[in-house]
Amino acid sequence: MSHFFHLPHLSGRFIPVWQRNYLVWKKLAIPSILGNLADPMLYMLGLGYGLGSLLPDVGGMPYLTFLAAGTVAYSTMNAATFEVLYSSFSRMHVQRTWDAILNAPMTLDDVMLGELTWAASKSLLSGVAILAVIWGLGLYGNFWMTLWIVPVVALVGLCFGGMGLVMNAVSPSYDFFLYYFTLVITPMVLLCGVFFPVSQLPAAVQGVSAWLPLTHAIDLARPLVVGTVPDNIALHVIALLVYGSLGYIVALALTRRRLLK
C-alpha cells in the first residue's frame with residue numbers, strides 16, 4: 001500500500017478535465033443550480049423568518065443574518081461534497097469516463113485535480129448564490145467586506161472537495177455515501193454553528209467542534225457578513241488548506257490502488 005502514497009505530480013493538464021465537466025454540466029445548468037440551492041435556501045428563509053421571528057438577537061445579530069452566514073458555508077460544503085461523491089463516482093466507476101481520459105496523455109493526478117477544481121467551481125456558484133440573497137435581503141453589515149466571502153467560499157469548496165474524494169475512492173456503490181453524510185456531514189452541520197452558536201454546546205463538544213473544517217469556514221464567513229474582520233484568519237485558512245490538501249493526497253493514493261487492482 002505504501003508505494004501508492006507519494007506527492008502528486010501536477011500540471012496544467014487538469015484544465016481540459018475541468019472544461020469537459022463544465023461542458024457536460026452546462027447542458028443541465030438550470031436544474032443543477034436549482035437542485036443545489038433549494039435545500040439551503042429553504043432552511044435559511046424558513047428557519048430564518050419563521051424561527052427567527054421568535055428569537056432575540058443571536059451572537060449580536062438578527063437570527064436571519066446569523067443563519068444566512070452559516071448557510072453560505074453549509075451550501076458550499078454540500079455542493080462540493082455532492083459533486084465529488086455522486087458525479088465523480090459516476091465518471092470514475094459507472095460511466096468509466098476516467099478510463100477514457102487516461103487513454104490520453106493524462107495522469108490520474110491531473111484527472112483528480114480536475115475533479116477537485118470543478119467541484120470547487122460548482123460550490124463557488126452555490127456559495128455566491130446564497131451571498132446574493134444576503135445582498136438582496138440587506139443582511140450584511142458592510143458590502144465591501146462581504147466580497148471577501150468569495151475567496152473564502154472557493155477555499156471551503158476545495159477543502160470539502162478534497163475530503164469527499166477520499167470517500168469516492170473507497171465507496172463500492174452510491175449507497176455507501178450515506179455513511180459519510182450520516183457520520184461526517186450531518187454532525188458538522190449540527191455542531192459547527194450553522195443553526196446556533198457553538199458556545200451553547202457542552203465544553204467537550206465545543207472542543208471537538210473547534211477541530212472540524214466547517215467550524216473554520218463559518219468562523220471566517222460569519223464576521224465578514226456582519227462587517228467585521230474574523231479572528232485567527234491564518235489559523236482558519238491553514239486548517240481548511242490542510243484538510244483539503246491531505247484529502248486530495250490520500251484520495252489520490254487510494255484511487256491509484258483501486259484502479260490498479
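This is a predicted model: local features need pLDDT of at least 70, side-chain atom pairs count only at pLDDT 80 or more; totals for chains, interfaces and linings use all residues.
Helices α3 and α7 pack at an angle of about 40°, Ala68 of α3 is buried at 0% relative accessibility, and the disulfide count comes to 0.

**How α3 and α7 meet**

- Helix α3 covers residues 63-94 and helix α7 covers residues 149-170, and their axes lie 8 Å apart.
- The crossing of α3 past α7 is right-handed.
- On the α3 side, the contact includes Val72, Ala73, Thr76, Met77, Ala80 and Thr81, along with Val84, Leu85, Ser88, Phe89 and Met92.
- On the α7 side, the residues in contact include Ile149, Val153, Val156, Phe160, Leu165, Met167 and Asn168, as well as the glycines Gly157, Gly161 and Gly164.
- Sorted by type, the contact residues comprise 14 nonpolar and 7 polar, with no charged ones.

**Ala68, a buried residue of α3**

- Ala68 is part of helix α3, and its relative accessibility of 0% is why Ala68 counts as buried.
- Setting aside neighbours within four places in sequence, Ala68 touches Met44, Ile130, Ile134 and Leu139.
- Ala68 and Asp219 are 151 residues apart along the chain, while their C-alpha atoms are separated by 13 Å.

- A disulfide is a covalent bond between the sulfur atoms of two cysteines.
- For Cys159, the closest cysteine sulfur is that of Cys192, 11 Å away and therefore too far for a bond; the cut-off is 2.5 Å.
- Seen from Cys192, the closest cysteine sulfur is in Cys159, again at 11 Å and too far for a bond.
- Cys159 is buried, with a relative accessible area of 1%, and Cys192 is buried too, with 2%.

**Two loop residues with positive phi**

- Arg96 has a phi near 60°, a positive value in a residue other than glycine.
- The loop between α3 and α4 (97-101) holds Arg96, which counts as partly exposed at 43% relative accessibility.
- Asn232 also shows a positive phi, near 55°, without being a glycine.
- Asn232 sits in the loop that links α10 (213-226) and α11 (233-259), and this asparagine is exposed, with a relative accessible area of 53%.

Conventions: Residues are numbered from 1 along each chain as its sequence is written. Side-chain values use heavy atoms; hydrogens and water are left out. Axes are lines fitted to C-alpha atoms, for helices over the stretch in contact, and angles run from 0 to 180 degrees between N-to-C directions. Helices (H or I, at least four residues) and strands (E, at least two) are DSSP runs, numbered from the N terminus. A crossing is left-handed if the near helix is turned anticlockwise from the far one by less than a right angle, and right-handed if clockwise. Contact means heavy atoms within 4.5 Å. Ala, Val, Leu, Ile, Met, Phe, Trp, Tyr, Cys and Pro count as nonpolar, Asp, Glu, Lys and Arg as charged, and the others, Gly among them, as polar. Buried means under 20% relative accessible area, exposed over 50%, partly exposed in between (1.4 Å probe, protein chains only).
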